[in-house]
Amino acid sequence: KQWYQRRVRGDCSNISVGDLGGKIPDDEPRYHLFNFNHDFEGDKMWKVVFLYSCPGYNVPVKQRMMYSSTKSSFLSALESNGVEIAAKKEISDGNDVNEAEIFDMVHPQKHASRATFVKPKAPSRGGRRLIR
């Protein structure tokens, strides 16, 4: 935990998911680590969520390419230092983040019925035939 807190540029305060969108800059790409505190099945839990924000075409190409090409190295460095990332998401602005979506990323819903493969019928030998 101390490893990434020392190297984070910006705010390391306690904020809610609703306030998170206002902390995401709209003029440069950035990596964000958010400690998502929530209740799940009666238990208090916290999970680390990784957000990569890239505001679009108002950012120079060099910056966009640098952040997108170093993202996997950054994530592997975090994981090798003991940071377990529960969910990852790429966003273009702060409005793309809401609590319900983060909750569904961290705890995906399990579907009760799973679609099974239905084998198609073999072509029949009956029917019309071409006779010469």
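1. Contact here means heavy atoms within 4.5 Å. The model is predicted. Leaving aside residues up to four places away in sequence, Ser 53 touches Ile 24, Glu 28, Pro 29, Arg 30, His 32 and Ile 91.

2. Ser 53 belongs to strand 2. Its relative accessibility is 1%, so Ser 53 counts as buried. The side chain of Ser 53 makes a polar contact of 2.9 Å with that of His 32.

3. Two of the residues that Ser 53 touches, Glu 28 and Arg 30, form a salt bridge with the closest N and O atoms 2.5 Å apart. Arg 30 is buried at a relative accessible area of 15%, and Glu 28 is buried at 13%.

4. The count of salt bridges is three. Another of them joins the side chains of Glu 90 and Lys 71, at 2.5 Å from N to O. This pair links distant parts of the chain, with Glu 90 in strand 3 and Lys 71 in helix 3, 19 residues apart. Glu 90 is exposed, at 51% relative accessible area.

5. Lys 89 and Glu 101 also meet in a salt bridge, at 2.1 Å from N to O. Strand 3 holds Lys 89 and helix 4 holds Glu 101, twelve residues apart. Lys 89 is buried at 18%, whereas Glu 101 is partly exposed at 30%.

6. The largest nonpolar core has twelve residues, including Val 17, Phe 36, Val 49, Val 97 and Ile 102. Helix 2, strands 1, 2 and 3, and helix 4 each supply at least two residues of this core. Apart from it lies another core of ten residues, among them Phe 50, Tyr 52, Val 83 and Ile 85.

Key:
Residues numbered from 1 in each chain as written. Predicted model: local features only at pLDDT ≥ 70, side-chain atom pairs only at ≥ 80, totals over all residues. Heavy atoms only, no water. Core = buried A, V, L, I, M, F, W, Y, C linked by side-chain atoms within 4.5 Å. Buried < 20%, exposed > 50% of the residue type's maximum accessible area, 1.4 Å probe, protein only. Helix = DSSP H or I, 4+ residues; strand = E, 2+ residues; numbered from the N terminus. Polar contact = N/O pair within 3.5 Å; in protein donor to acceptor, adjacent residues only side chain to side chain. Salt bridge = Lys/Arg side-chain N within 4 Å of Asp/Glu carboxyl O.
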